[in-house]
Number of protein chains: 2
Amino acid sequence: MRVALGQFNALVGDLAGNAEKMRDIYTKALACDVDLLIFPELAICGYPPEDLLLKNHFLRDGRATVEKLAADCPEVTIVVGFAESHQGTNYNSAAVLQAGRITKIYRKCQLSNFGVFDERRYFQPGTEPAVISVAGLNVAITICADIWDVEWLADFLGNAGQIQMVLNISASPFHMGKTGQRQAVLGRCAKKFNCAVSYCNLIGGQDEIVFDGSSCFADSTGKIAAQAKSFDEDLLIADVVPVGGEVVQVKPMRPLVPQPSDLIDEVYQALMLGTRDYAQKNGFKKTLLGLSGGIDSSVTAAIAVAALGAENVVGLTMPSRFSSPETLSDAEELAKNLGIELLTIAIEPILEQFNQALETVSGWNSKGIAYENLQARIRGSILMSLSNQFGFLVLTTGNKSETAVGYTTLYGDTAGGFAVIKDVPKTLVYKLAEHINKINSRQIIPADVITRAPSAELRPGQKDSDSLPDYDLLDKILKGYVEEDKSAQQLVEAGLPQDVVRSVICMIDRNEYKRRQSPPGIKITPKAFGKDRRLPITNRYNSCGDR
Amino acid sequence: MRVALGQFNALVGDLAGNAEKMRDIYTKALACDVDLLIFPELAICGYPPEDLLLKNHFLRDGRATVEKLAADCPEVTIVVGFAESHQGTNYNSAAVLQAGRITKIYRKCQLSNFGVFDERRYFQPGTEPAVISVAGLNVAITICADIWDVEWLADFLGNAGQIQMVLNISASPFHMGKTGQRQAVLGRCAKKFNCAVSYCNLIGGQDEIVFDGSSCFADSTGKIAAQAKSFDEDLLIADVVPVGGEVVQVKPMRPLVPQPSDLIDEVYQALMLGTRDYAQKNGFKKTLLGLSGGIDSSVTAAIAVAALGAENVVGLTMPSRFSSPETLSDAEELAKNLGIELLTIAIEPILEQFNQALETVSGWNSKGIAYENLQARIRGSILMSLSNQFGFLVLTTGNKSETAVGYTTLYGDTAGGFAVIKDVPKTLVYKLAEHINKINSRQIIPADVITRAPSAELRPGQKDSDSLPDYDLLDKILKGYVEEDKSAQQLVEAGLPQDVVRSVICMIDRNEYKRRQSPPGIKITPKAFGKDRRLPITNRYNSCGDR
């Protein structure tokens, strides 16, 4: 049985466009004599369609798209994910297309309803297995999470007889280390059923999430025998060959393609793809970002250039009297290294007018935090004005550490359409900077930017460390509190200093309101701010001693 | 059997505070010789606790709080909602407290997972009915949605024997007309089981939602025999008396209290409570809002004054050369009528400096839309600067109609902490204005404000009608497209003009990114923007002809 995995970049809601891509892939697969062509979960409508699924006309249009795809692609057995409405109930389904029509439908049983997933909002679980025969072999169809609990799956497929391949269609978002977890799951499944496993995942960025692809085949020993590209479209073809005695081999039609070199490279590629897709899928050609000469904006700019090309990235420096000559010249050097246009607009005269106006209100302090934040808001307004005028997508440059503790100005440095490194802790931003310099084999990000103590430059001599603990410690607390939902007590018992733990957690809790109004950014950790982590703004369960 | 409904305002996460309130209510109920005291769904932790439920320490602390409440309140049978963790699985449960301890637990079966609800993210459904005996009567315990499908409930309680009362604890959010729907459900249930129904709902605002209370008793004929206040705490006590032949009467201990006079009054009270609770529960004493002399900011100011007192509301006019003398004087008159402080900061000199700075970028147009939006952003920055300096909560003044079509400036008029009338369509804003004048028996909101054609005053002679259809028509399209998920085709078939329908729907789809970054506001319709309606930003299924 020759099997092809059609790993492609679906666009949410673009029924016709997604079908067109699949028809092109079908043509290629047909030329390679494949017996079975597999597309990802909800490939017809893209993932996640969210409340589009509450529109009956959307479901009806999706069904028509599947039927047309079947009619257009009659010569290969195809399995493709779609949102099915059947007698008033909706399912996350896989359609089997054969000889021009839908011949079987499998409905996902293990609906994902955690993290970024809300499948129970839209779908009812299926109850019946589906095993199809292709080229004389028995193939069991599963969808994404169906395969993660192998004991459940064994029970579910108990009466299905001997299976030569478990097929899984997925829309599995990326986070650091996810590929390894997934391959372990596939290996376990292969060994459990003594069969091959074929796994077809989406690729592409969709708002906060990135699908990494990494579609693959496991043979019956659990070994990954063939793997598609990560973070790019690919058509992976292999022969699945039973050789007797419950051994099923997988013979790929080409050698293994290069994969990300390490976890940092994975993150880098995820950020590139997420940024490129957010811009392009939303119709933006050019992006704009403020360059402060600091590490965050430098890394963001480098990612934007890698994603969209230097000609589509515009930098803007907005110096005030608190900006040092060093950071300004670093911003200039970075722009030169990246080959991007650099604009400069000094904010001092605007700041002065604002301050004069605000001084008419008794109690205004032109040396306080409000005055500091005002500088950031002037910069945000300038960026947004240029965005309005020229159609640029503004990229924000805040990292996960500052997003967590609210070391940001709402409508200031958070103003923009897309937050590239929102889920990247500060310590990882430094590693990305080094990675960027390494893969470019030159100092794209100036050495000073990496070594200088971080500062917001909103008052004389300001340093991040005036307000925040060391980023090494801060990021440890973040990981425990945000990503692992540990309590303050657990973190202290694990050896972290009590006073710092309490004050950091209090800052995280207090700043939910800012995060609620900040732009989406790319999830790269097991738990990102956004739809992955949903906390009330009004919340008295905190470490601030409010009671 | 004497039954008390302890309708109170729980604060999410405030375990100790909520328990304290319940102990006080217990003391009052005890003095009235009640047999059974009922508190709302998840009353221990407040509703909805969202991802706090993913923290094991939160669940553990909640359990300890229930146990302490039981120990503190031994002399009455109490039913109280809490989040239960049992052998690694979580349930939305009702604890029965008797003689100082938890004697029984009922687990909600019909978990709500639509609209604003995400219960499947946190809870597994229960499977067993719970019927308790109180003062010789059989009482079946249910939680919120358990009672909405009476056929299911009849099946579920099939073997429970004759029941004299179905008890329901709820956290049921308000929208226009919800009270009537709910009472119909309770009546249906009473008639189905030939028994009384006691219904205890939360009150209070929690981020985007408001619980209206309106707890009540139905007798076995389905009649609402006693009803608690709406939008306020209350302790409603009644005797539930079986009189033979499957007839159960309800004898309230006091006459019916006044209820909202009509749907507009309901909305008005919901907005007041939502605003008051958002401010107070988040620790704000004073609020600040921009007064343009238009209807939206006038209504918002009046609601804020009703919610928090005139001394806690500060108005700010920020005129430019496009502001008319009429709107300025209306803003002043409104502030005088409301008795609030009014500040004035002219934006012209700041605008001029911004414009000079932006003119250094080739292509900047000081007469275009970017220049219009800049004015709004200057105003947003001034409001936020005063908020930062003085600790004011900034209230935004955008209505649902403009929020829908994106007739707003991101970080401009959308800048603030809470969006009071975010879910109020423009046509309803006018009705609220008239209602406010009526209940105050004087012209709080000047007549001109109500009759003048709406304008953003961002360019000479601008009118909303230059960019938008008539609000009557716009609001009809909104209702169909946003609240009822109808297609453009369905709306046209219902008689709405095709070109307007398509252009409005395109605007709604295109502006999802602005809504994603706008502050929370109070849900008063069946479907509000926010967690009630979740659409992807990146979305090619639209009416904009993008393909």
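In this predicted model, Leu473(A), Leu474(A), Ile477(A), Tyr481(A) and Val482(A) of helix H15(A) come up against Val500(A), Val501(A), Val504(A), Ile505(A) and Ile508(A) of helix H17(A). Sorted by class, this contact holds 10 nonpolar residues, with no polar and no charged ones. The two helices span residues 471-483 for H15(A) and 498-510 for H17(A).

Chain A can be superposed on chain B by a rotation of 180° with 0.0 Å of shift along the axis, and the RMSD is 0.0 Å. This is the relation of a two-fold axis. Within chain A, the residue that comes closest to the rotation axis is Gln517(A), whose C-alpha lies at 2.0 Å. Both copies use the same surface, since 100% of the contact residues of chain A recur in chain B.

The contact between the chains involves 72 residues of chain A and 72 residues of chain B. On the chain A side, the elements giving two or more residues are helices H1 (15-31), H2 (56-72), H3 (119-122), H6 (263-281), H9 (348-358), H10 (369-390) and H18 (512-516). Of these, H10(A) supplies the largest share, with 14 residues. By class, the side of chain A that touches chain B has 34 nonpolar, 23 polar and 15 charged residues. Here, then, polar and charged residues take part, whereas the contact of H15(A) with H17(A) has none of either class.

A last stop is the strand E3(B), residues 77-86 of chain B, which is mostly covered: 8 of its 10 residues are buried. Strand E3(B) pairs with two strands that can be described in turn. With strand E2(B), residues 36-38, the pairing is parallel and runs over 3 bridges; here Leu36(B) stands opposite Thr77(B) of E3(B). With strand E4(B), residues 89-98, E3(B) runs antiparallel, and 9 bridges join the two. Among the residues paired in this way, Ile78(B) has Leu97(B) of E4(B) as its bridge partner. Strands E3(B) and E4(B) form a hairpin with 2 residues between the strands, and in this hairpin Gln87(B) takes a positive phi near 50°. In a regular strand, side chains alternate between the two faces of the sheet.

Definitions and conventions
Residues numbered from 1 in each chain as written. Chains lettered and ligands numbered in written order. Predicted model: local features only at pLDDT ≥ 70, side-chain atom pairs only at ≥ 80, totals over all residues. Axes fitted to C-alpha atoms, helices over the stretch in contact; angles between N-to-C directions. Helix = DSSP H or I, 4+ residues; strand = E, 2+ residues; numbered from the N terminus. Contact = placed C-beta atoms within 7 Å. Nonpolar A, V, L, I, M, F, W, Y, C, P; charged D, E, K, R; others polar. Least-squares fit on C-alpha atoms with pLDDT ≥ 70 in both. Buried ≥ 20, exposed ≤ 12 C-beta atoms within 10 Å, placed from the backbone. Pairing = 2+ DSSP bridges.
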